[in-house]
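I opened my notebook for a walk through this model, one stop at a time. Here is what I looked up, in the order in which I wrote it down.

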Amino acid sequence: MSKGGGGKGRGRELLVNAYSEKWVRKGFQWVYRQEVTAGGGPLGTEVLVRGPAGQVLGRALLDDGWIAARVYRMDDGPLDAAWLDARLDAAAALRAQVVDPNTTGYRLVNGENDGLPGLRIDWWDHFAVLVLDSPAVAPLVDGVVAWLERTRAPRGVYLCYRPDHRDERDFARVQPAPGLIAGHPPAGDVGVRERSLTFRVRPAEGPDVGLYADMREVRAWLEPHWLGRRVLNTFAYTGAFSVAAAHHGAAEVVTVDLAQPAIERAEANFAANDLATDLHEFIVEDTFKAFDRFRRTGRQFDLVLLDPPAFSRSDVGIWSAKRDWPRLVAAACRVLAPDGWLVVASNQGELSPRDWQGLLLEGFEKAERRAQELTRLGQAPDFPAASWFPEGRYLKVSVWRVL
Ligand SMILES: C[S@@+](CC[C@H](N)C(=O)[O-])C[C@H]1O[C@@H](n2cnc3c(N)ncnc32)[C@H](O)[C@@H]1O
């Protein structure tokens, strides 16, 4: 980051083509490699971006991956402390408006959507996790840590990366190295509050610390609907939905995940909420296997949750969201009691809402069930989706009543 308008890379420029100019003028903050016509420099260098006629488009940091530069401001001003503090203050002001004061785990900065491409900051009670898309963003880190220390005195700050499959970078060797970069580590798991619930998270394991805060509004919407229901939570991870269900009076909650550590953490989350685990079931198993067993034994549920990853491998085979959604929905329908509810979630931004809807309808047809969509939900407001960033709205959730 430049100090008062100078510093590393002073005077460096990047020339981009007319296509890139059009997008940057709309607010899009990425310049792709093939859009660069001249200029450049080492990774992390601050540059002035110019269009084909030499007009200034903004200030950027150079990358050497599938993205050539991230544009941080749309004028020729420097990426200095005053600029960074203003961006961070604006992001924090939004969270003060939209995050309930009883919620202590949330996203403080949502990358491109808060005008800070490649940088996410998650707040976990008194700990911060900085998630970088690339080491090219590293020049901002010291300034972010200084701002965090001044405005919210974190006990510890962790740095981690969110590897992108489009990058060929070896993230295992990347510098600055991931880990604790300020303060001290927590004594154990950190307990964060979400509404009336507590979840245990591990900031050192970022970005996936043990709670998906983007699902908070989905849990809130479901709150009045758990009472007395038999719930099956598949792809459950650390059981956040199971905890919510049990806390709000579900008759029984069955939690299924392929990963044993996830199931152990789900049980620990029950304990953190004073919920007896012996009333509920925790199963380390492939979701399809579990569905098959429940169907064969005639076991039924009133509400089934499906929140699979884009891709996974188990002893049963390979799960690929694009291919397998209809099969998954059909399998869930077969263990749903009449008029039971199905909650489906996809965090795959590249799967359009329309295509996803088509896959879900195919699943209902396959199971020979009809269904009513009750609501569509999305990411919590601390994960804002910017109008200038098409990838910003990635989370799709819908709730169905299956007749
Ligand atoms: C996107 S996370 C689910 C997040 C969770 N619904 C929540 O809100 O906390 C996906 C989870 O699916 C699990 N998983 C992946 N493949 C699986 C499979 N075939 N059967 C069961 N669980 C699977 C992973 O271990 C991971 O915990």
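This is a predicted model: local features need pLDDT of at least 70, side-chain atom pairs count only at pLDDT 80 or more; totals for chains, interfaces and linings use all residues.

**Entry 1: the ligand shell.** Three elements, α5 (240-247), β15 (252-257) and β18 (311-314), each give at least two residues to the shell around the ligand. I noted 20 residues around the ligand, with F235, Y237, L258, D307 and S312 coming nearest. By type, the shell splits into 13 nonpolar, four polar and three charged residues.

**Entry 2: the six-stranded sheet.** Next I traced an open sheet of six strands. Its order is β2-β6-β5-β4-β1-β3, and the pairing is mixed. Which strands stand at the edges? They are β2 (30-32) and β3 (36-39); each has a single partner strand, so one side of each lacks a neighbour in the sheet. On average, neighbouring strands here are turned by 35° against each other, direction ignored.

I then looked at one pair inside this sheet. Strand β5 (residues 56-62) pairs with strand β6 (residues 67-73) in the antiparallel sense, over four bridges. For L61, I found R70 in β6 as the bridge partner. Helix α1 (residues 18-26) packs on the sheet and touches β1 (13-16), β2, β4 (46-50), β5 and β6. The direction of α1 makes about 95° with that of β5.

Strand β9 has partners of both kinds. Strand β8 (residues 119-124) pairs with β9 in the antiparallel sense over six bridges, and L119 has L132 in β9 as its bridge partner. These two strands form a hairpin with two residues between them. With strand β10 (residues 156-161), β9 runs parallel, joined by six bridges. Here the bridge partner of A128 is V157 in β10. I also noted that β9, helix α3 (residues 141-152) and β10 make a right-handed β-α-β unit.

Entry 3: A reminder to myself before the list: most residues other than glycine have a negative phi, and most peptide bonds are trans.

- D125, in the loop between β8 and β9, has a positive phi of about 55° although it is not a glycine. I find D125 partly exposed, because 16 other C-beta atoms lie within 10 Å, and a buried residue would need 20 or more.
- A153 lies in the loop between α3 and β10. Its phi is near 40°, again a positive value in a residue other than glycine. I find A153 exposed, because it has 9 other C-beta atoms within 10 Å, and the cut-off for exposed is 12 or fewer.
- Q175 and P176 are joined by a cis peptide bond, with omega about 0°. P176 sits in the loop between β10 and β11 (179-183).
- G206 and P207 are also joined by a cis peptide bond, with omega about 5°. P207 is in the loop between β13 (197-201) and α4 (216-222).

Note on methods: Residues are numbered from 1 along each chain as its sequence is written. Two strands pair if DSSP finds at least two bridges between them. Axes are lines fitted to C-alpha atoms, for helices over the stretch in contact, and angles run from 0 to 180 degrees between N-to-C directions. Two residues are in contact if their C-beta atoms, placed from the backbone, lie within 7 Å. A residue is near a molecule or strand if its C-beta atom, placed from the backbone, lies within 6 Å of it. Ala, Val, Leu, Ile, Met, Phe, Trp, Tyr, Cys and Pro count as nonpolar, Asp, Glu, Lys and Arg as charged, and the others, Gly among them, as polar. A crossover is right-handed if, with the strands pointing away from the viewer, the path from the first strand over the helix to the second runs clockwise.
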